[in-house]
Amino acid sequence: MTTSQTSPPPPPKYLQEDGLSEECKKLISTLPKERGWLASHIYNYQGFWTSPKLLQNVIACQQLFQAQESDIILVTIPKSGTTWLKSLLFALVSRIKYPFSKQNHRLFIKNPHDLVPFLEIKLYADGQVLDFSSFTSPRLLSTHLPYASLPKCIHNSRTKLVYLCRNPRDTFISMWHFTNSIRLDYTDTNSIGEMFDLFCKGVSAYGPFWSHVLDYWKESIEKPNKVLFLMYEEIKEQPKIQLKRLAEFLECPFSIEEENCGVVDEILNMCSFENLSNLEVNKNGKLSTGEENKAYFRRGEVGDWKNYFTIEMSEKLNHVIEEKVQGYGLRLLYN
Ligand code: A3P
């Protein structure tokens, strides 16, 4: 093999550890530290785990982001189906501007992460000066931040939050594959056992998983007009019902005429795993943060965890999750 075939791509920008401010380095030296899934170490800040570079971005985002009343922010823990929901949100909200049957719809030429950018991963990366001038209203944005760590202006405004959750077993398997696929050194993949133990201890990107999910679940019950809680598995099971729920929450419900013309199906088909993963942009393109777009499309199925979990793993995670979420009326353990 030639060198170019064997040399791994550079790490995504949010994992590179150069360019950290002295202030951030000082803060990091005071934080609890654990082995990272991607960066060599991750740190616990405000109760969640993050890499050093992301921490710097998070702080910039918390200090500088100015919410607008009309903003729509998608929140997920990584590998919950963020890419899918970004595409659905974009297609839904811009359906008048971009009728979907046209091959030149932006989803055919851009990865969903470019259309609905992450606050702390992209927009507030590297101390860049933000330019929101290209955004039209409503602005579609996204984040992985836990509820308590969102910029305060998001709590205090009418900004709507769409939260997408996924069965923790599939989320874990998806994360394990993803981290191994973009690790710097291909010969040194994360062992599933080691990553699983960390996950069960709550040590995973933006985790503990259960705290992230529960905080948004509680907010969605207390403030149903502000936070919509969606489950990946429920969208898979009843896509039309869930897409209509999303449209109603965002105050852009489908008209009878749209329903009769098949607009709901058109959006679902355009955003399907099969369609998106086969687009040229998603087969061969790259994000500005450095990852290959194809890393965001693996299998897109419910229950892939069964191909990897031992009985012991399944029992252990069930136990951890049940203990953490019992009494809140939240179903997380899908088959
Ligand atoms: P798998 O690894 O289980 O296949 P995220 O977007 O939050 O990074 O999550 C990625 C997961 O969502 C991956 O799961 C990926 O395959 C799946 N996914 C991406 N696009 C999808 C789509 N259109 N429909 C369903 N799942 C999708």
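## The shell around the ligand

The residues of the shell around the ligand, each with a heavy atom within 4 Å of it, divide into six nonpolar, seven polar and five charged, where Ala, Val, Leu, Ile, Met, Phe, Trp, Tyr, Cys and Pro count as nonpolar, Asp, Glu, Lys and Arg as charged, and the others, Gly among them, as polar. This is a predicted model, in which local features need pLDDT of at least 70 and side-chain atom pairs pLDDT 80 or more, while totals for chains, interfaces and linings use all residues. Residues are numbered from 1 along each chain as its sequence is written, and side-chain values use heavy atoms, with hydrogens and water left out.

Of the 18 residues around the ligand, K79, T82, T83, S174 and R299 come nearest. Helix α4 (82–93) gives the largest share of the shell, three residues, and both α4 and α12 (232–237) supply at least two; helices (H or I, at least four residues) and strands (E, at least two) are DSSP runs, numbered from the N terminus.

## Polar atoms and burial

A polar side-chain atom of K79 lies 2.7 Å from a ligand oxygen atom, and a polar backbone atom of G81 is 3.1 Å from an oxygen atom of the ligand. Taken alone the ligand exposes 570 Å², of which the protein buries 97% (Shrake-Rupley method, 1.4 Å probe).

## Y45 in strand β2

Y45 is found in strand β2 (residues 41–45) and counts as buried because its relative accessibility is 13%, buried meaning under 20% relative accessible area (1.4 Å probe, protein chains only). The C-alpha atoms of Y45 and Y206 are separated by 9.5 Å, although the two are 161 residues apart along the chain.

Notes: A polar contact is a pair of N or O atoms within 3.5 Å; within protein, one must be able to donate a hydrogen and the other to accept it, and residues adjacent in sequence count only if both atoms are side-chain atoms. Buried means under 20% relative accessible area, exposed over 50%, partly exposed in between (1.4 Å probe, protein chains only).
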